[in-house]
Amino acid sequence: VGRRGCHELRLYVAARKIQTVYRLWQEQKVYRVLKHGIQVTQSRWRMHFAKSQMKKLKQEAKEVGALMAKNQKNQEQVTELRKRNEELEANLWQLQAERKTLMGKLDNSERTVADMNVQMEELKKTNDEAAKTVNDPAKVVIESEEFQKLQENLAEKDAYCTKLEAELAAVKETCAKQQETISAAEARYQHLLKSTAMQSVATVGNSSWPSSRNPTSNRLQAKTNRNVDIQLIGASGVGKTSLLEHLIKDHDSQQLHRFQEQRPNLMSHHQIMVGDRILKVLDCSSNVRAQHLVKEWFGRSHWVFVIYDMSQPRTLESALQLIQEVKAAGARVVLFGNKWSIDQGEKVAVDVMAAKDCAVRCEAMPIESSQLIEGVRLILNAIDDFSNEDVEVSPAQQQGITEGLAQDGGKRTTISAAIDSVRYWIGGANDRSFSRGMGQGVLRPSLKGTKAMKQARRENDVNVDLRPVQELQDSESAVTCICFGQERLHRAYVLLATASKDGTVVIYRCYRTEMEVAMSADMDFPQDDDPVFSKAPTDNTNIAVHSRLVGHSRAI
């Protein structure tokens, strides 16, 4: 019995295990089917939702253009409505103003009508009273006496008018005589001015200066009819004569006595020894009556110094007007700002940068100083530089110079070539002046080349004046960006930053050329240069490495 019960228990346990496993298998099968169905349903629902969203976005994207056009159209309508509203408001204000004016005129008319009615009533009353008294004999006698008195007064007035007309004729005759006297005095005064100027020229011509001491000046005079090196002009009180007096005291004191003798003259000629050369200087007065004589000398002067006082803005305005007239006469211009009053403690009242810009536009050289020798040195350097080049020109170039002089009527000098080269450099020359040039090309070299470089020059070569002064190569990578900086910070050099494609950045010191140093002599620099960097390297290189920036990994 026990064995049978144990056997049945084992069968029961085994059957229960089998049933449990079977039910587990069935549940797992159903769960897997449901899970798969749920996943498929979710994915399809998400796909349907995404498609609907995409369709909606596409529809909105299509409508964006229409919305933008509609918005733009609405803005245009708003603008038109605003303009129309403004026009209507303007018309309304105009109508109101006209209505106000008409109302004022209406009131005035009503008042006028009322006044006329009152006057008419008064006239009626007066007429009635006159009608009553018209037959009164006493009244008639009184009116006859009054009429006789009026006739006597009228005769007296006629006699007085006749007397006044006679006096007026006498005054007119006197005025005519005085006008003739004034015209004769003016003619004598102009004759005196011309006589003074001719006497001054004759005195200069008879002075015993050896011509061999100034070969450059003789050569220039042989090429042109301009016989004055420097002409000083400017408004009254700018210090022209004082600047010239200081120049004579410092460099040629022997001429000081002659300067004092000619100082009262309206135009005084002086020959001053500056270094080893003689300068012919013409000091012109600012007298209004002598301005036509002063302007006649513009065509006879190489350089015209237009002087203004840096503490008086009106003198700068006058100087800028004179520059135009000097330029029209063909002379070279130096805009000289007198700093004497500034050194004495007065404030600068003119815009120096604006003055320099105007000078550059008018092809003039701007300079500010309290000594005239600064401007004289500037033009002497220009004369020296371009005179040396004239000595080394080839026969073909000499023939071009002769042809240029013939076309210009003998008025061309090496100084003209210098200024024209600066004009070519800044791009301000015209075709006519270019045809008169000496084959200078696009640019004028700012550095003196060697004889071999000059001999290697070929005619009609557009790149003849575009030779590199110095070539540097720090890497094989191409330079993608360059930038200049600190032009007004250092006197001796400016900085040049170059960035390469490989990411390296090199900053160079570009030392100023002789031309740049001469042009920046009167400029103030806020920082003093390091003594190590104040001069160019001894190996005559004009570019030196200042610093390097390393660490970039991408192109700049």
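Biologist: What should I know before reading the values?

Modeller: The model is predicted: local features need pLDDT of at least 70, side-chain atom pairs count only at pLDDT 80 or more, and totals for chains, interfaces and linings use all residues. Residues are numbered from 1 along each chain as its sequence is written, and side-chain values use heavy atoms, with hydrogens and water left out.

Biologist: Which residues of helix 7 are buried?

Modeller: First the general idea. An α-helix has 3.6 residues a turn, so residues three or four places apart point the same way. Helices (H or I, at least four residues) and strands (E, at least two) are DSSP runs, numbered from the N terminus. Buried means under 20% relative accessible area, exposed over 50%, partly exposed in between (1.4 Å probe, protein chains only). In helix 7, the buried residues are Thr315, Leu316, Ala319, Leu322, Ile323 and Val326. Seen down the helix 7 axis, its buried residues fall within an arc of 125 degrees, so they line one face. That arc is taken from the directions from the helix axis to the C-beta atoms.

Biologist: What do the buried residues of helix 7 pack against?

Modeller: They pack against strand 1 (228-234), strand 4 (301-309), strand 5 (332-338) and helix 9 (352-361). Contact means heavy atoms within 4.5 Å. The face turned away from the buried side carries exposed Glu317, Gln321 and Ala328. Just after helix 7, Gly330 takes a positive phi of about 90 degrees.

Biologist: In what order do the strands of the open sheet run?

Modeller: Strands of a sheet pair through backbone hydrogen bonds, either parallel or antiparallel. Two strands count as paired if DSSP finds at least two bridges between them. Here four strands form an open sheet in the order 7-8-9-10, with antiparallel pairing. Strand 7 (479-485) and strand 10 (543-549) are the edges, each pairing on one side only. Seven bridges join strand 8 (residues 493-500) to strand 9 (residues 505-511). Ala499 has Val505 as its bridge partner in strand 9.

Biologist: Where does Gln486 lie?

Modeller: Gln486 sits in the loop between strand 7 and strand 8. Its phi is near 60 degrees, a positive value in a residue other than glycine. Gln486 is partly exposed, at 36% relative accessible area.

Biologist: Is Ser341 buried or exposed?

Modeller: Ser341 counts as buried, at 6% relative accessibility. It is found in helix 8 (residues 340-343). Leaving aside neighbours within four places in sequence, Ser341 is in contact with Asp309, Ser311 and Glu346.
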